[in-house]
Amino acid sequence: MRVLTSGESHGPRLIALLDGVPAGLGIDVAAIDRDLRRRQLGYGRGARQKIERDQVRIVGGVRQGRTTGAPVALEIDNRDAPNWERVMSVEAVVDPPPPVTRLRPGHADLAGAMKFGLHDVRDVIERSSARETAARVAAGAVAKQILALVGTRVQSEVATIGDVDSEPTWDEEAVEASEVRCGRPDRGAEMIAAISAARDAGDTLGGVVALRATGVVPGLGSYAEWDRRLDGRIAQALCSIQAAKGIELGDAFAQARERGSAVHDPIVLRDGRFARTRDRAGGLEGGVTNGEDVLCRVAFKPISTLMKPLPSVDLASGEPAPAHVERSDVCVIPAAGVVAEAMLAIVLAEALVEKFGDDDVETLMASVERYRARLHPLGSRPGQGGGDLTEMP
Ligand SMILES: Cc1cc2nc3c(=O)[nH]c(=O)nc-3n(C[C@H](O)[C@H](O)[C@H](O)COP(=O)(O)O)c2cc1C
């Protein structure tokens, strides 16, 4: 499965193209829209979210409610686009808008202008902007529907905003009821206060999002080649999110300070299956899912468009100039959690169809069933007689 996106922040629409979605998958459009809406919420978002009412339009790969095996094409209109027609015109206009030339430290402005030889930073902003994440969330919602076939669910919860920490509760109702998507109301209130204080100071705040996938099929990914390792693929996908700067699998940074005996997850037999007494590995060993919950965290830097801009330089004149200021969010961590869910779902769904087949849902499910049947512990496989595995060295 491959996912590509296209479209600019203030262009007519965003597009997500998913190749390799198995045929026969029932598509729940309302569930895609629900995730799009969740991405737009959150205390600390800017005025843009009041304009947009994101809704998906499926224009390829689905017929009579089911995927056909053709690429699935998803579109999301930018309702703000009519206000940007002259700026975003595909044809050259006679009176083009003045170029943006004051570079924002921390955004893609300077790096992007140097890379593509651009003289108007607007060309960089329009695609580096995280408006693109709406397309990722729509694609991720389809990936979640693939994962649901095998009982895998992906959740996120805000764990940190600024210097306010909260241990994840994984209580979905509480998380969705919170304006900052934090399951602990007292911590959530502190996060909201921190965002307000940053806004009043013309500043921004970052944070950390915790992710959990439950019901994960063991054996996804591989240790056999570096680019097949699922830990690496998850890290790449999550780090590709705009403003994501750090990934932690399990509780990796705490583990780095401890001894192996305290860190690794003892193996036991539970109900005839291999299981663990804890999950500090975050469900991944050797770049392969081990059947425990996949747990990871993503650290996001504070966003870079500041209402009190940092010193910078003008791209055209080379003269010192304060950074460009435009409508912007103060804190995006609640929304970033929804985007991170989508990226984790895309990687897990890709790995699932890679292992079990991407032609059609029926073949995929039959293959999963066969595989599950042979996941009995060694010695207790059907036809091999039962051994007492609790005695295994
Ligand atoms: C959901 C979401 C919304 C964002 N909104 C803004 C924003 O309003 N203003 C801004 O300067 N950056 C915003 N960002 C971050 C920038 O898009 C990002 O910093 C920029 O593309 C540069 O990439 P980098 O930070 O990964 O290096 C947002 C990020 C996410 C995940």
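Hi everyone. A nonpolar core here is a set of buried Ala, Val, Leu, Ile, Met, Phe, Trp, Tyr and Cys residues joined through C-beta atoms within 7 Å, where buried means that 20 or more other C-beta atoms, placed from the backbone, lie within 10 Å of the residue's own. This is a predicted model, so local features need pLDDT of at least 70, side-chain atom pairs count only at pLDDT 80 or more, and totals for chains, interfaces and linings use all residues. Residues are numbered from 1 along each chain as its sequence is written.

Let's start inside. The largest nonpolar core has 84 residues, and those touching the most other members are Ala 138, Ala 139, Leu 238, Leu 344 and Leu 348. Helix H12 gives the most to this core, with 17 residues; helices are DSSP runs of H or I, at least four residues, numbered from the N terminus, and strands are runs of E, at least two. What does Leu 348 contact beyond its neighbours within four places in sequence? Leu 147, Thr 152, Ala 213, Val 216 and Leu 220, with contact meaning C-beta atoms within 7 Å. A second, separate core has 8 residues, including Val 124 and Leu 315.

Last, a hairpin. Strands S11 (residues 267-270) and S12 (residues 273-276) pair in the antiparallel sense over 4 bridges; pairing takes at least two DSSP bridges. Between the strands are 2 residues, and Asp 271 takes a positive phi near 50°. Thanks, all!

Technical notes
A residue is buried if 20 or more other C-beta atoms lie within 10 Å of its own, exposed if 12 or fewer, and partly exposed in between; C-beta atoms are placed from the backbone. Two residues are in contact if their C-beta atoms, placed from the backbone, lie within 7 Å.
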